[in-house]
Amino acid sequence: MRLVCRELRWGRLACMVLFLLPSAAWTQEANFPSIFYPSPPAENQWQLSVGFIQVTPPKELTEDAWVPAPTLDLHALYGLSPHFALDGRALSQVVQNHISVGARWSHSLGNFAVGVGYDVAYWFGFLNLEGFDGRAHGWNNYPSLSIGYNTGDVRLIVKAEAILDLYHSSLVGDNEISTNDDKIVGGAYTFALEQPFWKDTQLTLGFRATYTKFSWLTWALFSTFDQYLFYPEIIVGLIL
Amino acid sequence: MRPLVGTLLLVSLILLSCQKETEVVGPDSASSLFLANTRPLEPVTRASMEGVYRIVQGEEFFSDLVVLKWSGAASGADTAFYLSGFFGRDAAHFVLSAGSLDSALFFSGTWRKLMTGESGLLRAVVPSGSGGRHLMNPLPAIGRDSITIQGTWGNGGEDPSRSIVFRYDRPLHRGKNLEIIAHRGGGRTADRLPVSENSVDMILYAERLGATAVEIDVNTTKDGVPVLYHDATLNLRLVQKNGLVGGVEDYTYEQLQSLVRLIHGERIPTFREALDAALYRTKLQLVYIDVKPAMPVATIHQIQQEYMAKAAAAGRQFELLIGLPSEEKVNEFRALPNYTQIPSLCELTIDDVRALNSRVWSPRWTMGTQSDLVAQMHAEGRRAFVWTLDEPQYIRQFLTDGQFDGILTNYSCMVAYYHYVR
C-alpha cells in the first residue's frame, strides 16, 4: 500500500506541475531564449537552464522495489554562430552522474526550426551501501534530430534521439566486467514546450519516452534483459 | 495554453500506457503427434545421453556448446521425464519430451531465451545410425561424436524448419557440488516463463531449468496461512487483474483462493503445497525459505520440522533452510528454543552466522566473491551461497574465481551451462 500511495503522490505532483505552472505564465516577446527549441543563443552568448528530470524505470527491472528520486539537470548552450551551438548537460543523482558535451546545428524556416545534434556522454556511478560494493562507468553517444514550432507565446519541440552504448564497465568487489559492443541500444522521443514563466525566466516542460536495452540510471540493477524496455521521463526546467 | 498542455499530457499518458506484447510459445498439438507411437526411454538411455554437446549447425543463434540433462516431475505413480538443453547465450534453453521408435529417439518441445524473450518450437531425432542404436543398448558405449542429434527449430509461431545439429563431446563436469538455486521457486514471471513465479507449477518446472534447489518467498494471509507471494502488494506484475488492493496479508486464504489468480492462472499456493511438490514430485535437494516481513518465523519453523520429518520418512535428501534476511527476522529466530540447532541461512554478516550457528552464509552478490570470508565459513564447516546472480559474465567469474557452494539465480539454465561445461 505504501508504494501505491507514493506513486499516486508523484502522479498528482506531476499533474499539478503540468497543469498549474503554465497558467502562471505571462505572454512576453516571442523571441525568448530556449534550450530544447532548435535555435542557438546569440554568438558568444550562454544560455543556461536548471531543473530536474524524473525517470520511472521499467517494472521488469525494479519489480516492487524502487525509490523514486529526481535527477538534477543543468543544461547550457553556447552560441558559436547563427546556426551552431555547443550543448553541455550534467545530470546528477550524486551516486550516479551523466555529463554530456555536443554540438548542434539548427536552422529556422518561418515558424518552424530544425536542428541536428550529436552529444558524447560519460556516466559514472558508485554504491557502497550495505550489501553493495560496486561502481560503474561508461560512454554513451546521442545523435539527434529536433523539430520546433514557434507559436509566438510557446515553442513546441519534438526531438528524436538514438542511444549508442559505446562502452560500459562495472566493478563488484574485486570482479570487473565490461562491454564495448559499440552499438545502438535504444532510442528516445522527447515532446517539450518552452514558454515565458517569471520575469526573465522561461519554463521547459517535457516528456521523454525512451526505449532502450541499457540505461545508465539503472546500472546498479545489473539488468540482464536484452530487450527494449520503456523508461518514461518527465522534464522540468527553468531557463535563466 | 491549456489545450497545448493537455495535448502534451495526453501524449504522455498514451505512451505511458503502451505495453509491448510478446508471444510466448508453448508445446503445440503437432508436438504430441511427433511423439505418437513412441515408447518412454529407459533410465540407462537417458543417463547415457547427458553430456556436453558441440553445436555444428545453428550455433550462430544459440551457442557453440549445449549441456543436455534430464529431469523428471512425478504425478501420482507416473513420472514425466524431460530433456533440457542449456546454452551459453541469452539464457537460452530447451525443454523436450522424448520417446523411442525402433532404434531411433524422438524429441519435441520448446526453446526459450530468457534474456530476449524469444521462444519457439524445437523437434529433434537421434537416428538409429547416429547414436540411437548405441543409446538403446543396455550398456551404451558413449564417446566423442558417438551421438548426433538432428533437429529443427522455429522462431515464434513459425513451424520448425531451421536446422540445428549437435554432437556429443564430453561428460558433464562432476567437480565440487554446486547448488543451483532457482529464485522465486524456479524463475521470475518477468522472464516470460510458461508458469508463474512462486507457484507449484514453477517448482515442478525448476529442474527443467537446471535447478538443484529452489528459493521461495513465504508470506502470510490475514488468517495466518503461510502462502507463496513475493511482492508487498497484489499487483499486475504477479497476478491477473482483480480489482483488489493491498497485500496478501490483507485477505484471508479463502478470499485469495476465490479472487486471485497468478499471471498464468495458477492459485497462490500454500507453503505446505509448495513443500509437498518439492519433496514428493521433484528431486530438488534444498529449499531456501525467504521469510517475508509479515510472516512469523515461529510458524515457518513448525512447518520446517514437519517436513524434515516427512523427508526422513521418505528417505529423501532434502534440506529446508530458514532464510534470515534482516535483524527483525534474526530477533524472531533467536526467540525460538534451541535456535542454534535449527537449520538456517543467514544473509547478514559472518559474525551473525556464527552467533546463530547457521549452516549457510548468504551474501548479496554485489559484494563480490569475498573468497577470504567464504574460506572462513568453509573452515567452520559451513557453506556459502551467493544471491541473486544473473549477469552472465559475473556468473562465469564467480564460478571461476569464487568458492561459493551455491548460486541463487533467476537464470538456473545459465548457471547450469557454465557449471557443467567446466
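Trainee: Which residues form a nonpolar patch on the surface, and what is their accessible area together?

Mentor: The patch consists of A:Leu80, A:Phe84, A:Leu86, A:Trp105, A:Leu109, A:Phe112, A:Val116, A:Leu145, A:Ile147 and A:Tyr149, with about 900 Å² of accessible area together. Such areas come from the Shrake-Rupley method with a 1.4 Å probe, and for residues only the protein chains shown count as cover. Please note that this is a predicted model, in which local features need pLDDT of at least 70 and side-chain atom pairs count only at pLDDT 80 or more, while totals for chains, interfaces and linings use all residues. Residues are numbered from 1 along each chain as its sequence is written, chains are lettered from A and ligands numbered from 1 in the order in which they are written, and side-chain values use heavy atoms, leaving out hydrogens and water.

Trainee: Why is A:Trp105 called partly exposed?

Mentor: A:Trp105, in strand E4 of chain A, has a relative accessible area of 33%. Buried means under 20%, exposed means over 50%, and partly exposed lies in between (1.4 Å probe, protein chains only). The value of 33% falls in between, and therefore A:Trp105 is partly exposed. Patch members need over 30% relative accessible area and no salt bridge; nonpolar side chains (Val, Leu, Ile, Met, Phe, Trp, Tyr) are joined within 5 Å, like charges within 9 Å. The largest share of the patch, 3 residues, comes from E6(A). Strands (E, at least two residues) and helices (H or I, at least four) are DSSP runs, numbered from the N terminus.

Trainee: What makes B:Phe166 buried?

Mentor: B:Phe166, in strand E8 of chain B, has a relative accessibility of 2%. That is under 20%, so the residue counts as buried. Among the residues that B:Phe166 touches, not counting those up to four places away in sequence, are B:Ile55, B:Leu68 and B:Phe94; contact means heavy atoms within 4.5 Å. B:Ile55 is 111 residues away in sequence, yet the two C-alpha atoms are 4.2 Å apart.

Trainee: What makes a set of residues a nonpolar core?

Mentor: A core is a set of buried Ala, Val, Leu, Ile, Met, Phe, Trp, Tyr and Cys residues joined through side-chain atoms within 4.5 Å. The largest one has 111 residues, of which B:Ile216, B:Phe271, B:Val287 and B:Phe333 touch the most other members. A second, separate core of 27 residues includes B:Leu68 and B:Phe94.

Trainee: Why is the contact between B:Arg184 and B:Glu197 called a salt bridge?

Mentor: The term requires a side-chain nitrogen of Lys or Arg within 4 Å of a carboxyl oxygen of Asp or Glu. The closest N and O atoms of B:Arg184 and B:Glu197 are 3.1 Å apart, so the pair qualifies. Both residues are buried.

Trainee: How far apart are the closest N and O atoms of B:Asp290 and B:Lys292?

Mentor: They are 3.9 Å apart, which is within 4 Å and therefore a salt bridge. B:Lys292 also meets B:Asp217 in a salt bridge, at 3.6 Å.
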